[in-house]
Amino acid sequence: MRNIAYQLLSVGLLSLCLYALNVYRRYKSAIQAINDLPGTRYFLRDTQAYPRHPSAIAPPALSMGPKEVGLDIHTEVRVWPAPQVHFTLADAEAIKEVTTSRATFPKPTYEILNLYGRNVVTTEHDEWKKHRKIAQPAFSERNNKLVWDEASRLTDEILTEWKGKDAVCVDHVVDMTLPFTLLVISAAGFGRRVPWIEEVGSNKAQPPPPGHTITFIQAVSTMCKGLFPRLLYPDWVLGLRPHWRSIRTAYYELEKYMMEMIQKRQAERLAPRDDDDDDDDDDDEIHQSSLFDGLLAASEEGLASGQTALSQKELMGNIWIFLLAGHETTAHSLAFAMGLLACYPDEQQKLYDHVKSVASENGVPTYDDVHALTRPLAIFYETLRIFPPILNIPKKVTVDSTLVVHKATTGPQDAKDSAFDGGRKTVFMPKGTYIYISPIALHYNPRYWEDPFEFKPDRFMNNSWNKDAFLPFSGGARACLGRRFSEVEVIAFLSKLVLQYKIELNPEKFEIIPGETPRETRDRLLEVKRSGSLTLAPHNLPLVFRRRENTIANKQITFKNPNSDVQRSLESTPSLNANFPRNVHMEVDTDTKAGKALINAIQSINNLPGTRLFLNSFHPLGALLAWVPGVSLIFGLSPSSAVRWDRKYKFYEQFGLEVFTEVVAWPNIYTFFTLADAEAIKEVTSSRATFQKPPYKILEQYGPNVVTTENEEWKRHRKISQPAFSERNNRLVWQETMRLTDEIFTEWKGKATVAVDRVVDLTLPLALLVISAAGFGRRVPWAEEVGGLSDTKPPPGHAITFIRSISVICTGLYVRLAFPDWVLGLRAEWRTVRTAFYELESYMAEMIKIRQAERSSAPREDDGLQKSNLFDGLLAASEEELASGQTSGALSQRELIGNIWIFLMAGHETTAHSLAFAMGLLACYPEEQQKLYDQIQSVLGGDRLPTYGDVHALTRPLAVLYETLRMFPPVVTVPKKTAADVTLSVHRTVSETYKKGSDIGADQRKMVFIPKGATIFINITAVHYNPRYWEDPHEFKPDRFMGNDWNKDAFLPFSGGARACLGRRFSEVEVIAFLTALVLRYKIEINSEKFKIIPGETPRATRERLLAVKSGGITLSPAHLPLVFRRRE
């Protein structure tokens, strides 16, 4: 017996040894198959454990010893029970290849998630395409609006529940976010609206409907919380414990609810609806906008078109997967976001200021603001970067493959080192292995994220971040369909919450350690829950919500020794030396009301660098004294527009920020901010409720118009004005410009050279006659009016011709705006302006009557001209409003005249001066003129004249115009007024020689407080000469506009935002047509008889002498520009 036992033991040991050798052999084979790529080697691997904090992956308990990896990929080889090889990726380019090559790297099958039926997550290939095609339309703009409405409603109900409490303590904030997201998806997902107070914390208070044992919300909530047991155990096991039995009940109850909903909605779709029954309109809107109804509608449309629809089980499977994916994920991310805001109060203040600046006039954000609410989205994105919902996304390798990966970086400097970035390695991946895309490692990879462990939402405030290195919603074709659903939900909640409450740490539940950094506090507060959750979740997150005061804290400072403090405050301002001579002293007595007001104004802007002025040139007295020799130094007058244009970006280099201030002492205290930061300017132009344009009532010379009106009145004017600037009108602009150019050439016929002493004497009448035809429908020949206006007799009932009335008003506009009628009667020249004003009004009134009469009678002759002009376009749009029953939408006769006048005023001088500057630049840069000629010839093929069909191909004339407008913007500043206390984030300045990426501090920003009532000037010239956006900004380089990679936000000749110039394309087509026709036949040269040519002078130096700017005009114009047009051979 003993021998038998020894034999059996020997056989057992031998078998064990053979098994161990076989396992080892297979393990070594696996190692060799991956070329022993560095990584970790495990005997047994627990793949389910989460780390305490996602940024620090804890080593597994049974590791065989990690190796130094050194690449943005590492391997895991498990020994037992069978060797398995996993690759974990942190390289964005390699991950993009994996997510796009779905045949080579398919996802594993998720059959376990087919609880209610097959769905868009569990299917593959053509079946997946069918599901996606039907599921995707459900996530519509209409559904996004419903998400916003429901999230806002529930947030309001939560805040109503908190009413009367200065502080609300929440022991674990997930207990608030989970029911919140559940009720949002109940309404926006299933079309079942549930009040917050009705269900949260008192689920059993609501009886279930007949035929059910629990309510719908109870069924959904229980299924979400008890998902793991439902996935793991069969029904008979779930019957062994009461808690598990409730999960089993919830599973079948939810299935029953969804089946009833499908049957009910299908029946409702077939039944006719009573149009007079408005009782259920709200419910109908919720149902029709919900994901459930979206799926049903898309499925039925597919069936109606002969394609395969989703079965009832597939419909339930998809809506269940949307619920599963969107509920817990959004709830946990929202909790993490609030925890981060509590740890970083500075970021929370930025968020508050931003939301307040964007919110509509009543101070409450609406869905219309969702695209402008960029900072709440940036907060959400940065939260998802630090705490991605899923730590790993698995893929399977179906064929032997290779991936190219980067070497791992040790810090931001390595990531920016071009030599280091070149270090890449090709990695072999055998068939059958698994790849885990690691969002957490990718999100903390310093190659893509500077200071990856820091909470910096600003990294998402522009469009320069690496989209391939951000994977909270997965990537490729199978990226999350519900991304926008989640984003809108979080934006709505955070925006409404921070407007009324501050988010703080709860010192009773969480120890506050003095001197601890925000990151150290964050690492303690936001520990990750280890189990029981599908997605990353906070372990315990106690917060306090503290109600905000209605007023913003006073930022003024009390002075112990007022006079010396005032002196130090003023002397610390670097600009004073520029505005006051050293022998001039401005003494401020702070015991006086005026002195206190001045100091309060300075302190309210935190004494931000800028100028401190006694009298500003915007005041009438200042405007009168500004140019008196010596007076501007004594009074510290602000420089005029021309001087500001001349200083360009240099002002800002002096102060160190792309904003500077002006505080004016007399006659009242004024505070001005002047901006040269494109991102801050974009925020100003898009937040119209906070940054309002000043009233331009002075421009209502003939009536209210699209420039002078605001809010709903402006929308009405814009709605009618915009259609007038049509493609049909653009074609008319081209035709009239070409006609007039041909008439100019006819006048020049037989001359080899044509000298023009002042080129605006050519461009002003050209622009005037173009707008006469394309604006008013009145075609005037060049030879008939130009140079001999008095030769043409006015029609009966008029003292002067139509063209003369326009010409006189345009040249005498300042006089008309500044003085009343009785003053205009004091001088003969002014009386002419007054006559022209009333004559033009009479002409326009007659035109309206004639056109209205013609519209109701027989067609006119020359309809091509008449029906395409702006005047007729305005009339037609206004009459269409009237015909559609929108009587309040139509424009009155006075408003029609007001709008066509503003188009004339805005388009005439602006285009004429820009065209003059363009020709002057081409004369200074003959090589650029040659490039222009060559491109025009290439478009036309050398054997035909240009037509309107060529306008989109003529890219270089447009580039020449854009570069001209960049260097000589028609308007140098655009004013805005702050309606509330706000903050703006602005860059520090860069040097003129700045190159992108050359200055690591160039992206540093400063939060600037701007008090209510302050005036902001958008300094277009400074933005256009800002080296951050324009390389070599003082050089004439049209090539910068020949591609599409220039910064659109840093180019503002037509203003920006919703109120940007309507006539932009009108002007562009006019200039393209004229330059094309002119350069084809003539070379543009400097007139050496009228302008001294200095041998050896650079084009820039010549340009600065030739294109000196005239002061006193409405728009920037050349003071004296003599040119010669030399006929080409």
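Reader: Where is the place of C480?

Author: Helices (H or I, at least four residues) and strands (E, at least two) are DSSP runs numbered from the N terminus, and in this predicted model C480 has its place in the loop between helix 18 and helix 19. UniProt, in an unreviewed entry, puts the feature "binding site" at C480; such positions are given in the numbering used here, feature names are shortened, and annotations may be inferred rather than shown by experiment.

Reader: Does one read C480 as buried or exposed, or as something in between?

Author: Buried means under 20% relative accessible area, exposed over 50%, and partly exposed in between, with a 1.4 Å probe and protein chains only. C480 counts as partly exposed because its relative accessibility is 38%, while 53% of the 1129 residues of the protein count as buried.

Reader: How many aromatic pairs does the ring rule give?

Author: Rings of Phe, Tyr and Trp (its six-membered ring) pair if their centres lie within 6.5 Å, and planes under 30 degrees apart count as stacked, over 60 as edge-to-face and the rest as tilted. The count by this rule comes to 48 aromatic pairs. One of them joins F190 and F216 edge-to-face, at 5.0 Å centre to centre with 70° between the planes; this pair links distant parts of the chain, with F190 in helix 5 (residues 174–190) and F216 in helix 7 (residues 216–225), 26 residues apart. Both F190 and F216 are buried.

Reader: Which parts does the pair of Y381 and F470 tie together?

Author: Y381 and F470 form a tilted pair, 5.0 Å centre to centre and 55° between the planes. Y381 lies in helix 15 (residues 374–386) and F470 in the loop between helix 18 (439–443) and helix 19 (483–500), so the pair ties together parts that are 89 residues apart in sequence. Both residues, Y381 and F470, are buried, and ring pairs link Y381, W449, F460, W465 and F470 into a cluster.

Reader: Over which ring does the charged end of R816 sit?

Author: A charge sits over a ring if NZ of Lys or CZ of Arg is within 6 Å of the ring centre and within 35 degrees of the ring normal. The charged end of R816 sits over the ring of F837, 4.3 Å from its centre, and that of R1128 sits over the ring of Y933, 4.0 Å from its centre.

Terms used: Residues are numbered from 1 along each chain as its sequence is written. This is a predicted model: local features need pLDDT of at least 70, side-chain atom pairs count only at pLDDT 80 or more; totals for chains, interfaces and linings use all residues. Side-chain values use heavy atoms; hydrogens and water are left out.
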